Amino acid sequence: MSLQVGAAWAGRLFTVLPVAAVTGLRLWWAALVMGVIGWRGVRRAHAQQGRWGRGDWLVVLAFGVTLGVMNFCIYQAFARIPLGIAVTIEFLGPLVVAIVASRRVLDVLWVLLAGVGVLLLSGGGGSGGHLPGGPAGHGLDVVGVAFALVSAACWAAYILLSRATGRRFPGSSGLVVAMILAAALVTPVAAASGGAGLLRPGVLAAGAGIGVLSSVIPYWLELETLRRVPARVFGIWMSLEPAVAALAGLVILGEVLAPREWLAIGCVVAACAGAAYGAPKTVLR
């Protein structure tokens, strides 16, 4: 809920600030808060392990680039297509990773169910995105869908790189470094597009809220949850995210979806939950 409320809050900023600038605000504040909280752990990890090797830096660099591109692309998708639909498309990334890792015969059913969901979404509809002057109610924006698909691919890479980073960096130290790198990656385009508008007190305050809701709280809660419940149960709960996103879009942004689109979201949620149930815990978010 925190993640999707943060995403909807970001959507409200798209009419007053460029999308890239909002992405920068989220990542800057997330990096700042996570850096303040976790930097001692980074220093401790560095002291324990000694000098990090080239391979370590390449992995955490790839992790940071993936985080930056994923956040940039999903916000570009949010600006063009309804929040619930964008998150539904994005969830195809972890679904593919779970199915490839599982390789059960039953997974064919989940692939087909997800395919039905995608076909239902391809008919378009919805209330459109939040770019000024953007289309509304005239089918899904192709560019928005493309951005969501790139974000899905990045999410799949995120899962794999998160595992690799966790093996090389203890605790959350690798995530803290990757988040700082992601924030640095989007800085040029965010600063160029936002300009002086980024320095307005109201904008900075909104960015802080978005960063905490969309990154800091979800990452911390996910980490704590995975310490207490089986990973596949966690994966099933996470599968509700597209539906929560659609509700957040409806309540906060007024994005009204057609019945066919709600059915499509339900298909993808069911497919993700089914795949998560049988997937090895190492492939989950």
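User: How many aromatic pairs does the structure hold, and how is such a pair described?

Analyst: A pair of aromatic rings is described by the distance of the centres and the angle of the planes. Rings of Phe, Tyr and Trp (its six-membered ring) pair if their centres lie within 6.5 Å; planes under 30 degrees apart are stacked, over 60 edge-to-face, and the rest tilted. The structure holds five aromatic pairs. In one of them, Phe 63 and Tyr 158, the ring centres are 5.3 Å apart and the planes stand at 45°, so this pair is tilted.

A word on the source: this is a predicted model, where local features need pLDDT of at least 70, side-chain atom pairs count only at pLDDT 80 or more, and totals for chains, interfaces and linings use all residues. Residues are numbered from 1 along each chain as its sequence is written, and side-chain values use heavy atoms, with hydrogens and water left out.

User: Which parts does the pair of Phe 63 and Tyr 158 tie together?

Analyst: Helices here are DSSP runs (H or I, at least four residues), numbered from the N terminus. Phe 63 sits in helix α3 (residues 54-78) and Tyr 158 in helix α7 (residues 142-168), so the pair ties together parts 95 residues apart in sequence.

User: Is Phe 63 buried or exposed?

Analyst: Buried means under 20% relative accessible area, exposed over 50%, and partly exposed in between (1.4 Å probe, protein chains only). Phe 63 counts as buried at 2% relative accessibility, and Tyr 158 is buried with 6%.

User: What about Phe 91 and Trp 155?

Analyst: Those two form an edge-to-face pair, 4.7 Å centre to centre with 85° between the planes. Phe 91 lies in the loop between α4 (83-90) and α5 (92-102), and Trp 155 in helix α7, so the pair ties together parts 64 residues apart in sequence. Phe 91 is buried at 4% relative accessibility, and Trp 155 is buried at 4% too.

User: At what angle do α3 and α4 pack?

Analyst: Two packed helices are described by the angle between their axes and the distance between the axes. Axes are lines fitted to C-alpha atoms over the stretch in contact, and angles run from 0 to 180 degrees between N-to-C directions. For α3 and α4 the angle is about 140°, with the axes 9 Å apart. The two helices are therefore oblique to each other (under 35 degrees is roughly parallel, over 145 roughly antiparallel, 65 to 115 roughly perpendicular, and the rest oblique).

User: Which residues make the contact?

Analyst: Contact means heavy atoms within 4.5 Å. Met 70, Ile 74, Ala 77 and Phe 78 of α3 meet Leu 83, Ala 86, Val 87 and Glu 90 of α4.
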